[in-house]
Amino acid sequence: SPADVQYSNVETGLDIEAAHAVATGVGEKYYAEGCSASVPANSGITNSGPCNGTDVGMEEAMEDAANDPTLHSVSNSWGYGGDPEWGTADPFMTTSENIFALAAAAGTSFYFGTGDNGTYEAGYPTDSQNVVGVGGTSMYSTSNSGTYSTSTVWDGTGSWCANIIARPSW
């Protein structure tokens with residue numbers, strides 16, 4: 001159950017518990033890559049909080065999710081906040097694009113949050129044509145808990161026009 005999972009941070013825990021509350025009968029699989037308060041020496045990782053993962057660990061987690069026939073929707077909450085460091089030649093982007101394309105062809109959708117810092121902060125992978133970028137919204141209910149009266153977009157939810165990925169024709 002969600003209460004038994006050691007979350008990498010409070011936001012992750014809330015996301016998982018909210019998803020479980022909305023879809024109580026759905027099985028969940030949780031990936032946490034390299035969560036540690038300390039950064040390995042010479043890893044190139046910056047200390048951005050209690051969870052510092054690696055590119056290889058992220059690739060392995062995404063590949064596992066893409067190849068799991070029981071998963072059809074994969075929710076993610078990470079991103080570059082811009083274009084990949086080495087543009088279209090970025091090894092992480094090349095590998096992850098292959099994973100996303102194969103997952104999409106197999107019927108598995110990858111969803112990515114567009115960020116909390118407003119325009120120009122979403123970036124890769126939300127601008128990939130092989131994933132779905134999701135902005136934050138708040139829903140306010142009426143007196144009937146099964147009926148929502150309004151939905152508003154968050155002021156800080158991100159958007160992005162990629163400099164290296166062409167706009168799809170569709």
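Figure 1. Phe110 counts as buried, because its relative accessibility of 1% lies under the 20% limit. This residue belongs to a predicted model, as do all the others described in these legends. Phe100, with a relative accessibility of 0%, likewise counts as buried. A search of the whole structure returns two aromatic pairs. In one of them, Phe100 and Phe110 are paired in a tilted arrangement, with 5.2 Å from centre to centre and 55 degrees between the planes. Since Phe100 is part of helix α3 (residues 91-106) and Phe110 is part of strand β2 (residues 109-113), the pair ties together parts that are ten residues apart in sequence.

Figure 2. Taken together, Phe100, Phe110 and Phe112 make up one aromatic cluster.

**Figure 3. Close-up of strand β1 and its bridges to strand β2.** Strand β1, which spans residues 73-76, has a covered face made of Val74 and Asn76, whereas Ser73 and Ser75 make up an uncovered face. Strands β1 and β2 run parallel and are joined by four bridges. Which residue of β2 is the bridge partner of Asn76? The partner is Phe112, a residue that also belongs to the aromatic cluster with Phe100 and Phe110.

**Figure 4. Close-up of the open sheet formed by β1, β2 and β3.** Three strands make up an open sheet in the order β1-β2-β3, and their pairing is parallel. The edges are taken by β1 and β3 (132-134), each of which has a single partner strand, so that one side of each is left without a neighbour in the sheet. On average, and with direction ignored, neighbouring strands of this sheet are turned by 25 degrees against each other. Strands β2 and β3, which run parallel, are joined by three bridges. In this part of the sheet, Gly113 has Val134 of β3 as its bridge partner.

**Figure 5. Close-up of the salt bridges around Lys29.** The count of salt bridges comes to two. In one, the side chains of Lys29 and Asp64 meet at 2.9 Å, N to O. Lys29 lies in the loop between α1 (10-22) and α2 (55-67), while Asp64 lies in helix α2, so this pair ties together parts that are 35 residues apart in sequence. Both partners are partly exposed, Lys29 with a relative accessible area of 40% and Asp64 with a relative accessibility of 35%. A salt bridge is also formed between the side chains of Asp68 and Lys29, again at 2.9 Å, N to O. Because Asp68 lies in the loop between α2 and β1 and Lys29 in the loop between α1 and α2, the pair ties together parts that are 39 residues apart in sequence. Is Asp68 buried or exposed? With a relative accessible area of 13%, Asp68 is buried. Through shared partners, the salt bridges join Lys29, Asp64 and Asp68 into one network.

**Figure 6. The protein chain as the setting of the close-up views.** The protein chain has three helices and five strands, and from the N terminus on these elements run α-α-β-α-β-β-β-β. Of its 170 residues, 26% count as buried, among them Phe100, Phe110 and Asp68. Among contacts between residues at least 6 apart in sequence, 55% join residues at least 24 apart. The accessible surface of the protein chain comes to about 10800 Å², of which 52% belongs to carbon and sulfur atoms.

Technical notes
Residues are numbered from 1 along each chain as its sequence is written. This is a predicted model: local features need pLDDT of at least 70, side-chain atom pairs count only at pLDDT 80 or more; totals for chains, interfaces and linings use all residues. Side-chain values use heavy atoms; hydrogens and water are left out. Rings of Phe, Tyr and Trp (its six-membered ring) pair if their centres lie within 6.5 Å; planes under 30 degrees apart count as stacked, over 60 as edge-to-face and the rest as tilted. Helices (H or I, at least four residues) and strands (E, at least two) are DSSP runs, numbered from the N terminus. Buried means under 20% relative accessible area, exposed over 50%, partly exposed in between (1.4 Å probe, protein chains only). Two strands pair if DSSP finds at least two bridges between them. A salt bridge is a side-chain nitrogen of Lys or Arg within 4 Å of a carboxyl oxygen of Asp or Glu. Axes are lines fitted to C-alpha atoms, for helices over the stretch in contact, and angles run from 0 to 180 degrees between N-to-C directions. Contact means heavy atoms within 4.5 Å. Accessible areas come from the Shrake-Rupley method with a 1.4 Å probe; for residues, only the protein chains shown count as cover.
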